[in-house]
Amino acid sequence: MDRRSFLSNLGLGLGASFALTFHAQAVQWLSPGSAPINNGNLRTDSARVFDLSIASADPTPTGVVLWTHIADAAVRAGEALYVQVASDTAFNSLVLEARVGPEDITAQRDYTVKIDLDGQLAPGSVYYYRFIYDSTVSRTGRCRTAPAAGASLSRLKLGLLTCQDYTNGYYGALAHVARDESLDFVLHLGDFIYETAGDPRFQSLPFADRTMILPSGGTVSMGLADYRFIYRTYRSDPNLQAAMERHTWIMVPDDHETANDCYWDYARDTLGAPDHPYTKDAQYGNSPALLRQLKLDSQRAWVEYVPARVVVNESATHPHDYLRVYRNQSFGSFLDLYLIENRTYRTAHPCGEADVLQRYVPLGCTNLNNPDHTLLGKTQRDWLVSGLTNSKATWKLLGNQTYMGRLSLTFLGNQIVPFNVDAWDGFAAERTLISQALREAKVKNFVVVTGDLHTYMASHAKADYGNLNPLDTSNYIGVEFMTPSITSANIGDQLGPKLTVEQRQLLLQGLSEATVKLNNPHIQMFDSIRHGYSTLELKSSYCEWVAYSVNKDVNDANATRTCIARYRKAMSLPWLLPMSTSGY
């Protein structure tokens, strides 16, 4: 079997000969209070050194991943970095101190630092942390560990985020997230960055102070230097910094961390990027080598700038060997969270790589149910199905990037044409396989949270979307909540430039909530006009999703927040119930 066949069948080419490691710096653990730090004589101009502030991520019962970045101009030869963790904001009650040597603060990692505290902290606890470098102290961060294995919980609340195009608006929504003391953790479902800095298809650059000039001089990332620059630009935003300082995040990538609507071209063993210059511009010749390196560069920048406890093989030269993002996290016996990665192993779009009539609204396409098409790859899919069907947790939560349900024009339950085959509608056979496995295993309390489409959505997850009988409870396998874009252009904004005025009007009519619900009765709420974020609270007898709208066009941390929807799913019933938004 050749390499391409091996990867296609396996879905993940992690050779046994590779040493797989978590991409974190080596640290020297110190006895609390023993670090050579004069706490009374520290400089507090933190942005001079810690220009992108700090963050925590991926909680375990005994730790989190801490992250920071040292400004290039602040790097000092031979200077070590220290981290302090305490149970109080004044750092009078130190829990641990650690040292990162100067040999691990390097340009090779773009002066990013990640420290894994797993095994160092107590379960279900809140801590405060800070970094110290060159006698300068960072801002103080707050982190939270996961509950102990097997612990019983009565509630857990997540902030849900996605799609934060820096050029298309301001992060007032993230300022609200930062101030929300009811959140336990924040789950970001991808498109943390956009690889473009002025793509005319969906970036009109309405705000002069949010424009970016990439090192390559173009409007799309051409490699590592561009990706790193984009991450640094996004992470310079004060509202994003505040949200990452105050909460422990859990993150997965989608397509824009690499290239729009990307996939894996198994026939050529390289990245598929239908809109990227390496694919479209004749001067690059659709080069497999350039596209493969682009994927590697995007993975490397993500690993550097996104704190996550993922598997990295730094010696690898193939993207399938370099990084494994998909993983699961448990929160006591209450919640098992499964995080998938939907771009690295997926096959090409089923109906072609053009925009309208191929990737979107593919009229006449007969390839939608091809069992050879995969969004996850076999290895990841088997891992997911096994995890969900064997989980003993009260709640099973899938962190998913693209809409898993059906979004189509239909007639009497029969699909006429799907709207977007870059989502799970383009991989219907694999979706059915997963849904049937969940139904056969009688998995209870299954919830999907989704981003990507820049839309608020609450819907039932079904084994058979053609079955319109609302009383057939065996057809309901769970619920799905889509969190909206924080700033990124909505559906009409994205497709509008490609259409005539008449076509755009028809599109907007077709995407009205009434029309969407008429064609897709499993969808209970749909809004592709506003921007913001949402929350998901899991309780002992129900889960509740609350959707908030925040004006992205206002550069104000106190931008008005409006609750536009609230839905509850009781354990005892298969249906979503709309709830009052009063007081929210």
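Colleague: Which strand is joined to strand 2 (residues 28–30) by three bridges?

Modeller: This is a predicted model, in which local features need pLDDT of at least 70 and side-chain atom pairs count only at pLDDT 80 or more, whereas totals for chains, interfaces and linings use all residues. Residues are numbered from 1 along each chain as its sequence is written, and side-chain values use heavy atoms, with hydrogens and water left out. Strands (E, at least two residues) and helices (H or I, at least four) are DSSP runs numbered from the N terminus, and two strands pair if DSSP finds at least two bridges between them. Strand 2 runs antiparallel to the strand that its three bridges reach, namely strand 6 (residues 94–100).

Colleague: In strand 6, what is the bridge partner of Tyr82?

Modeller: Strand 6 also pairs with strand 5 (residues 81–86), in the antiparallel sense and over six bridges, while Ala98 of strand 6 is the bridge partner of Trp29. For Tyr82, the bridge partner in strand 6 is Arg99.

Colleague: Which strands stand at the edges of the sheet of 10 strands?

Modeller: That sheet is open, with mixed pairing and the order 7-4-3-13-12-11-27-28-29-30. Two of its strands have a single partner strand each, so one side of each is left without a neighbour in the sheet; these are strand 7 (112–116) and strand 30 (576–578).

Colleague: In strand 27, which residue is the bridge partner of Lys157?

Modeller: Strand 11 (residues 155–161) and strand 27 (residues 532–539) run antiparallel and are joined by six bridges. Within strand 27, Lys157 has as its bridge partner Glu537.

Colleague: What does the twist average from one strand to the next in the sheet of seven strands?

Modeller: The seven strands form an open sheet of mixed pairing, in the order 18-19-20-23-25-24-26. Strand 18 (327–331) and strand 26 (523–527) are at its edges, and each has a single partner strand, so one side of each lacks a neighbour in the sheet. From one strand to the next, the twist averages 20 degrees.

Colleague: Which residue in strand 25 stands opposite Val447?

Modeller: Strand 23 (residues 446–450) pairs with strand 25 (residues 476–482) in the parallel sense, over four bridges. In strand 25, the residue opposite Val447 is Val479.

Colleague: Are helix 9 and helix 10 roughly parallel or roughly antiparallel to each other?

Modeller: Helix 9 (residues 378–390) packs with helix 10 (residues 428–440) at an angle of about 20 degrees, with their axes 10 Å apart; axes are lines fitted to C-alpha atoms, for helices over the stretch in contact, and angles run from 0 to 180 degrees between N-to-C directions. Angles under 35 degrees count as roughly parallel, over 145 as roughly antiparallel, 65 to 115 as roughly perpendicular and the rest as oblique. Helix 9 and helix 10 are therefore roughly parallel.

Colleague: Is the crossing of helix 3 and helix 5 left-handed or right-handed?

Modeller: Helix 3 (residues 172–179) and helix 5 (residues 238–246) pack at about 25 degrees with axes 8 Å apart, and they are therefore roughly parallel to each other. A crossing is left-handed if the near helix is turned anticlockwise from the far one by less than a right angle, and right-handed if clockwise. The crossing of helix 9 and helix 10 is right-handed, but helix 3 passes helix 5 in a crossing that is left-handed.

Colleague: Which residue forms a salt bridge with Glu314?

Modeller: A salt bridge here is a side-chain nitrogen of Lys or Arg within 4 Å of a carboxyl oxygen of Asp or Glu, and the whole structure holds 32 of them. In the one formed by Glu314, the closest N and O atoms are 3.4 Å apart, and the partner is Arg109.

Colleague: In the hairpin of strand 21 and strand 22, which residue takes a positive phi?

Modeller: Four bridges join strand 21 (residues 408–411) to strand 22, running antiparallel, and Leu409 stands opposite Val417 in strand 22. The hairpin has two residues between the strands, and the positive phi, near 55 degrees, belongs to Leu412.
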